[in-house]
Amino acid sequence: MSGIVQNNTVRSSGIIAVAAGGLNWDSAVITGSTLSAEAGKGYFINTTSNTCTITLPGSAEVGDQIVFMDYARTWGTNKIIIDSNGLNYQGQDDSYTVEYETSGETLDIVYSGATKGWIPQNDDTVADVPSPPTTQKAIMIFGSDDNGATATGVSNLISSSGVVASDTSAVATAKMMMMAATYGFDKAVYAFGDNGSSAGNVNNNTRNLVSNVGVVASDASGAGTARSGGAATEYGTSGQAVMAFGYITSSNAGTSVSNLVSSSGVVAADTTGVGTVRYYVAAGRYGVGLGIFGFGQIASNGNPTAITNLVSSSGVIAADTSGVGTAGFSRSFAEYGDGLGMFGFGNNSGYSNQTNRVSNTGVVASNGQAAGTGRMDGAGSSYGGDKGIFGFGYNGSALGVTNLVSNTGTVASDTSAVGDARAKGEMAGYSNSA
């Protein structure tokens, strides 16, 4: 649809589509901050890193056509700006500002003559149809069998039907309160955490990768501020993840810094924090390529909270969204259905089995009640492509029970423990094969 003139500004209220035949498409993806466009050409504009100001030809003939396509679906984060270069644009002279700032947009403009100048014949959005492959299996690693005094490195594989296997002996250094997420669509990464030593807890920033057949690798060097009690989620459509928030033992302080994880499992240096500083948060994915951090314990006053922070498809963490549901911390997150998720269990003035569903647009629902034993410091993940699982935790003693979540979000009653009962461990999905 055409732009709207407001306060001497023309802005796109629509979004993209469609390239006409006969155009000469530029084979190079445009990533720079400027472009001098030519009539009769089409351009793929990638604004992942910056906005792009596009200067149109200084002269044009009726019927000249130019098409601009949002290559990485990032115009909503970094817009394009059109400089009509002395010619009119939708009947306005070039003193007006023309901006398009909707992700997934394609702008198809045609020159109509001196009066109206360049006119969009199409500026709709194109649906982001491809969805990343879903994980079929999950793994539970690390934790503490005495709620914090001593850490463990044992792991338990979870099948595509939600069956938890017996313990696999530790390969990695024993740790707890790590951050874990799927990366590369079929593998998992665990990073940061606490060594759980009775001689004095020490944070670390090492990482452990899990292969697509569930093999846990030994410790590898990491990056970023050593901390524990944060959380992680997948984002984007290329298999990335982001880890954020946490508690820094050495300075007795919380943090909101984040670290991006590449599709090959490499953890990047710190990104400046966004959102209320807190720890004991939970996180997971929703929609397509999106994530959410939620709940936790506020560092400045120790109070529980229900605030959330959404994660864009490019890994950008948004400012706080006001909390929905009862404030709590040490909760878990499990994905289920088609782009849906659920915060579950935790501590909200006691061991809880409260749930809060998350829609495929990132809206958190009011409190629901789960089946199963109320507890905190458990873990959650997806499994079987469209189902979820909560498991383990603490309610006065370490637990090994699990609760399966159907593809409609129904939480089942407890399944008896298999393997080492423990709290403060983490689950993550892996494998695209059942």
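How many nonpolar, polar and charged residues does the lining of the largest cavity have? By class, that lining has 15 nonpolar, 14 polar and seven charged residues, where Ala, Val, Leu, Ile, Met, Phe, Trp, Tyr, Cys and Pro count as nonpolar, Asp, Glu, Lys and Arg as charged, and the others, Gly among them, as polar.

This is a predicted model, in which local features need pLDDT of at least 70 and side-chain atom pairs count only at pLDDT 80 or more, while totals for chains, interfaces and linings use all residues. Residues are numbered from 1 along each chain as its sequence is written, and side-chain values use heavy atoms, with hydrogens and water left out.

## Confidence

The average pLDDT of the chain (the predictor's confidence in each residue, from 0 to 100) is 91, and 93% of the residues score at least 70. Over residues 1–21, however, the pLDDT is below 50, although this stretch has 66 contacts in the model beyond near neighbours in sequence; a contact means heavy atoms within 4.5 Å. Where pLDDT is low, the predicted coordinates should not be read in detail.

## Cavities and a pocket

On a 1 Å grid over the protein atoms alone, a cavity is a set of points where a 1.4 Å probe fits but cannot get out, whereas a pocket is an open set with protein on both sides within 12 Å along at least five of seven lines; lining residues have an atom within 4 Å of a point. Grid points are joined across faces, edges and corners, and a volume is the space filled by probe spheres set on the points.

A search of the whole structure finds two cavities of 30 Å³ or more. The largest has a volume of about 420 Å³, and among the 36 residues that line it, A231, V281, A282, A283 and E426 lie nearest its centre. Two or more residues of this lining come from each of β14 (179–183), β17 (231–235), β21 (282–286), β24 (332–336), β28 (379–383) and β31 (426–430); strands here are DSSP runs (E, at least two residues), numbered from the N terminus.

The second largest cavity holds about 50 Å³ of space. Its lining consists of 14 residues, with S332, F345, R375, G378 and A379 the closest to its centre, and the elements that give two or more residues to this lining are β25 (340–347) and β29 (387–394). By class, five of these lining residues are nonpolar, six polar and three charged.

The second largest pocket contains about 400 Å³ of space. Of its 30 lining residues, P132, P133, T134, R285 and G287 are the closest to its centre, and β14, β17, β21 and β24 each give two or more residues to the lining. That lining has ten nonpolar, 14 polar and six charged residues.

## Salt bridges

The structure holds seven salt bridges, each defined by a side-chain nitrogen of Lys or Arg within 4 Å of a carboxyl oxygen of Asp or Glu. Three of them are listed here.

| Salt bridge | N to O separation |
|---|---|
| D26 and K41 | 3.8 Å |
| D377 and K424 | 3.1 Å |
| D386 and K387 | 2.8 Å |

By contrast, D386 is partly exposed at 26% relative accessibility, and K387 is partly exposed with a relative accessible area of 24%.

## Individual residues

F192, which is not a glycine, has a positive phi of about 65°. This residue lies in the loop between β15 (187–191) and β16 (207–210), and F192 is buried, with a relative accessible area of 0%.

S330 also has a positive phi, near 55°, in a residue other than glycine. S330 is placed in the loop between β23 (304–311) and β24, and at 6% relative accessibility S330 counts as buried.

Methods. Helix = DSSP H or I, 4+ residues; strand = E, 2+ residues; numbered from the N terminus. Buried < 20%, exposed > 50% of the residue type's maximum accessible area, 1.4 Å probe, protein only.
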